[in-house]
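Let's take a walk through a protein model together. Have the sequence and the 3D view ready, and follow along one step at a time.

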Amino acid sequence: MKRMDRASIESWYRKYGPMVLRRARAILGDESAAQDALQEVFMRVMRRGDDFRGAASPSPWLYRVTTNYCLTVIRDRDRRRELLSTRGRPEQQVEPHAPEEKLTIARVLSQIPDELREIAIYYYVDKMNQDEIATLLGLSRRTVGNRLESFRSIAQSLLGTRLEAVP
Amino acid sequence: MSLHNLRHRPEGCLSDLTLDQLVIDELIDPPERARAQQHLKSCALCAQRLEQLRAEAKRFPEQIGLAALVGKTWWAPRRRAAKLGAAMVALAAMVALFVWPRTSEGPGERLKGGLGLRMVAQHPDGRVEWILPQADLAPGDAVRFQISTDRPGFLTILGVDAASAVTPYVPSQGDALAIAKGRDQLLDGSVILDATLGAERVFALVCAERLPVAQMVASGRRALEQAGGSPRTMRDLDLGPGCQQTSFLIEKKGHK
């Protein structure tokens, strides 16, 4: 695989870095983890530079790489929490929250099925409409709508509050 | 941020992806671009979000320097590395030396005065990591140096190994390399560790004057001789008051 030279990496880092960092912050809700994500995403860019350069618009590709990486981080957190729990150590305390209290998307995402997570991020974090999500993921609009409804239903029960209906 | 107020932009507004593409001038499809620009004229919410993203993009290089990536990434070596060639091939195991007035040393940092040297290694299996004291390094590992200095000057990096070889790594010959005041300056080029095993002391030297590398090497040899030929017991090189230095002892080990 052809590696990118430093000048290219620096140029793309400055161009796309803010976007990647912002999304990672929004998904993970943690500055340190977001900066790790920024680094990891650009490592992937370096390793898969040809894919990146081959795209007419690299942003959607980077959106997906960032999202998938952040979801992996959230999954890993879940596993660690489960492991600690099964080994008898006190599980990380999740403070009870009222609907009006802050609840990061990361906490909701950690409690929903995998197939709903990515779509939920594009819809709620990136504010994409269903057509954009369908195009990005190569799914039908109907599938996207169904999954968003499923997400909304689960999230409502987790939050104990009603979420705006998906149009 | 609460989930129920995350989706506060009405349907029909521009997504962050579209706004990001506008910020980086990547929305190249003319109808799509025209539609976005038309929407921005009539939607204060999206226009405000666009400005917010632009402001974030401008702040970004100050927020997170490229050097922050160094611990996990590996830039492709540039031609200059090849020029350093033979001299840089000698290093057998690397470390981080650091010199920066901070309250505590971070992982892989050696602080002394206002000068710091840190090293990062890429192992043959692709792993990249900062080098810590007593790191398990092996022949074939590639190493790069990062310097922090509280004053401008002229840099030389030397290695003194268990075979009593004093090798200039940066630069490999000529005069010391000019370096600006600043933190986390990653140097071009990498060093591939050779098969020499055992202890090696790596010195970072920054002087106010541009001294010949050969003079630094000679100082290294004298210091090694005074230490009875052992890199482990070497003290500072005798370079005069215009120089500051730091050193780091590493252990070169065989293949894991």
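A crossing is left-handed if the near helix is turned anticlockwise from the far one by less than a right angle, and right-handed if clockwise. The crossing of α6(A) and α7(A) is right-handed. You are looking at a predicted model, in which local features need pLDDT of at least 70, side-chain atom pairs count only at pLDDT 80 or more, and totals for chains, interfaces and linings use all residues. Residues are numbered from 1 along each chain as its sequence is written, chains are lettered from A and ligands numbered from 1 in the order in which they are written, and side-chain values use heavy atoms, leaving out hydrogens and water.

Helices (H or I, at least four residues) and strands (E, at least two) are DSSP runs, numbered from the N terminus. Helix α6 of chain A covers residues 114–125 and helix α7 of chain A residues 130–137; they pack at an angle of about 135°, with axes 10 Å apart. Axes here are lines fitted to C-alpha atoms, for helices over the stretch in contact, and angles run from 0 to 180 degrees between N-to-C directions.

Now for the rings. Rings of Phe, Tyr and Trp (its six-membered ring) pair if their centres lie within 6.5 Å; planes under 30 degrees apart count as stacked, over 60 as edge-to-face and the rest as tilted. Over all chains, the structure holds three aromatic pairs. In one, A:Tyr124 and A:Phe151 have ring centres 5.2 Å apart and planes at 45°, so this pair is tilted. Ring pairs also link A:Tyr123, A:Tyr124 and A:Phe151 into a cluster.
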